[in-house]
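User: I'm new to this. Can you walk me through how some of the helices pack?

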Amino acid sequence: MKPHLTIGVRELVEFVLRSGDLNVEFSGASRAADAIKLHQRIQYSRPVGYAAEVTIAHQVETPDLVLDITGRIDGVFESGAVPVIDEIKTTRRNPEECLREDNPLHWGQAKVYAFLYAAEHDLTEAGVQLTYARLETGASRDIRRFFTRSELQSFFEDLVGRYLQWAMLITHWQRRRDAAGRQLAFPFEDYRPGQREMVDAVGRTIQEAGRIFIQAATGIGKTMAVLFPAVCSVAERAGSKVFYLTARTTTRMAAEKALDELRARGLRLKTLALTAKEKACFNPDHACRPEECDFARGHYDRLPAARRALFDEDAWTREAVAATAQKFRVCPFEFSLDLSRWADLIIGDYNYAFDPKAYLRHFFLERTGDHVFLVDEAHNLVDRSREMFSAELRKQPFLELRRAVKGSLPAVYRCLGKINRWMLAARQRVEAAGAPIADRSAPDELYPLLRDFMAAAEKWLEKNLKSVFREELLERYFETGGFLRVAEQFDESYAACYETLSPDVRLKLFCIDPSRQIGAALARCGSAVFFSATLTPLDYFQTMLASTSAETLSLPSPFPSENLAVFVADRLSTYYRHRDRTKSEVARILHCMVETRAGNYLLFFPSYQYLRLVLEAFQAARPDIGVIVQQPGMGERQREAFLERFETDNPRTLVGFAVMGGIFGEGIDLVGTRLSGAAVVGVGLPAVGLERELIRSYFADRLEQGFEYAYLYPGINRVLQAAGRVIRSETDRGVVLLIDQRYGSEHYRALLPEGWRPRPIRNPDDFAGGLLRFWTEMSVPPKIG
């Protein structure tokens, strides 16, 4: 059968005819809704014999492919001697200016509609009317032209002929891709233990358009186990596009490495790594306008050549996209969005699929269905989704903006004054309470004030004038719009949280339970695979990620259990009220671990405050032991420098102090002798606070598992992630030490991996003896660090 491609009329016209500059001008939040209302008002005002919203379709068949062209005409004047296509365009500009512009995209779209209508109704002539209507006033101007069917046909055939050159390239590529995919074999000679089971489960889930949660221990080869069946499904057309969703650079790189390994075995697949705009931009201090950025000036003139050049490559990595964008002088971010339409697999952050502020509307707004979601490190998605579906505002930025626009924008100034007064009253309320407060009802009285501010700001922003306060006004405008979008979702799964941050006050619409919105996002895909080394317990993640009926699979470590020794100091308390009293005992047991054998160790704590407390006691007793300490806000280079200290076969002991759930608590690989052991001090519980208490209360009422959902389950996954740094390969040997009396209770023990077999510690001498026996059994001579 010939391959079929489908394209909309507007997309077809823009692909062929768009030229000139990239000009990202301001468009108000109400623009789309206002445009629809004005469209409808114009349509309702048309005379009898006018048909609105006319669906049209046409098929072009060539020897190699079938092109389906679809669209919807705004309206058709059907009662005259010659039917007239009505193409309505809304604008903030003077309609007379728009008429004089003679926009080729607008005329092109209308003429294609006219040809399709004429062909469908066997007309010899058709009229085209462009109607420009001003959003603020509703005033409109129009221009009408008539064309013979042969004129329209010539225009259409030229347009389609130019697109077919690209369509032929696409279909020829898809044939090569599918043929290679059907012959693709697993890239390694043998599957690791559990890996074949995971591959089969993922493949079955995709074929059946289902969902699955897979907890697979380190070493199974999770990345390859999900990517191999996913890329094979592309060749079988089980999913139109695969989205590999991850929150970390390291996991993006792991996915790209796995794809390279598959390519070495014959895979042909166009893959794109999407990079956030602020990271991709070549000129971050300039606006996306031709007057300020060379890459925006003439962007669309150079885009076809850039697109064609990179299409010869299969791996559209961040570096490849940036290099091509530099070579052809196009905007790298807009270039990557253009490429995403033809990528078979897209690697990107969770927000490209789940975040209402950032998800890829081209794929998920107008079209939903058979996409494949591969969600890596899915244990992170619960808290990430809470943040995606929450929003906050602070008083001080509005006050500073008010001072900036004073004398220039009186209407905006007045609106900001009302918001400031409301926020001031909120701050006084929190100060009177003496602590942060939460309301389960929405701050409805604030919403009209915010909408008034946005309306006043829009009137000035749409003029696209330069000023010293423009960027600040834009930031507050979009922040307010995002807040109001979240406000529309406010229900019993939300709370309004108020907190003073002297002299400021923060209002946060906090999403307690993100499952409803996650469910809506998952409706955009055909199948979803959630996978991680730590999804404990699985039913918690099924509930939080709106997939209670999903299949589950749990795979144990493929490595010999004797390679890991797990010790538990369950007679030491790390409760907040006991920390100062037990810090010396904690330091002593940590000394015992790192002194038994020279090597590199990571010690994880639940907070920086507790880390510093134990660090002081640790160094006071043994100042000769080398230490390196994680600092708040470490950047990528600082992170790399920290990890570079963990050298292979380090002759002297190095001890890293780090925080659970932070940049060293997961997503790092210190293979072999780069890491001899890890200690986890505490049970990883998130700090008690207003938001966590809201979660506890909410799930206590609904599931009678308030403490578990708010504290225990998030905490234990931090513990398991931190401990998982030790054994990263089949030849690794190492020690894990858990310090907290709660590990002695069945409630906590039941959540630890079955293969761990924790050994209780009664005193430091008992611990030292156990360590010596372990290292001796591992044929590693113990050395004093």
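Analyst: One term to start. A crossing is right-handed if the near helix is turned clockwise from the far one by less than a right angle, and left-handed if anticlockwise. This is a predicted model, where local features need pLDDT of at least 70, side-chain atom pairs count only at pLDDT 80 or more, and totals for chains, interfaces and linings use all residues. Residues are numbered from 1 along each chain as its sequence is written, and side-chain values use heavy atoms, with hydrogens and water left out.

User: OK. Which hand is the crossing of helix 10 and helix 11, left or right?
Analyst: Helix 10 crosses helix 11 in the right-handed sense. Helices (H or I, at least four residues) and strands (E, at least two) are DSSP runs, numbered from the N terminus.

User: What's the angle between helix 10 and helix 11?
Analyst: Roughly 140°, and the axes of helix 10 (residues 299-311) and helix 11 (residues 318-328) come within 10 Å. Axes are lines fitted to C-alpha atoms, for helices over the stretch in contact, with angles from 0 to 180 degrees between N-to-C directions. So helix 10 is oblique to helix 11. Under 35 degrees is roughly parallel, over 145 roughly antiparallel, 65 to 115 roughly perpendicular, and the rest oblique.

User: Which residues of helix 10 and helix 11 meet?
Analyst: Helix 10 brings Arg 302, Ala 305, Ala 306, Ala 309 and Leu 310. Helix 11 brings Ala 320, Val 321, Thr 324 and Phe 328. Contact means heavy atoms within 4.5 Å. By class, the contact of helix 10 with helix 11 has seven nonpolar, one polar and one charged residues. Ala, Val, Leu, Ile, Met, Phe, Trp, Tyr, Cys and Pro count as nonpolar, Asp, Glu, Lys and Arg as charged, and the others, Gly among them, as polar.

User: Staying in helix 10, is Arg 307 buried or exposed?
Analyst: Arg 307 sits in helix 10. Its relative accessibility is 6%, so Arg 307 counts as buried. Buried means under 20% relative accessible area, exposed over 50%, partly exposed in between (1.4 Å probe, protein chains only).

User: What is Arg 307 in contact with?
Analyst: Setting aside neighbours within four places in sequence, Arg 307 contacts Phe 15, Trp 166, Phe 335, Asp 338 and Trp 342.

User: How do helix 1 and helix 5 pack?
Analyst: Helix 1 (residues 9-17) and helix 5 (residues 149-183) pack at about 75°, with axes 10 Å apart. So helix 1 is roughly perpendicular to helix 5. The contact of helix 1 with helix 5 has 10 nonpolar residues, no polar ones and one charged.

User: And at what angle do helix 6 and helix 7 cross?
Analyst: Roughly 35° for helix 6 (residues 195-207) and helix 7 (residues 222-235), whose axes come within 8 Å. Helix 6 passes helix 7 in a right-handed crossing.

User: New topic. Where are the cis peptide bonds?
Analyst: One runs from Ser 502 to Pro 503, with omega near 5°. Pro 503 is in the loop between strand 15 (494-501) and strand 16 (504-511). Another runs from Thr 536 to Pro 537, with omega near -10°.

User: Last one: what phi does Ala 546 have?
Analyst: A positive phi of about 55°, although Ala 546 is not a glycine. Ala 546 lies in the loop between helix 21 and strand 18 (551-555), and is partly exposed, at 25% relative accessible area.
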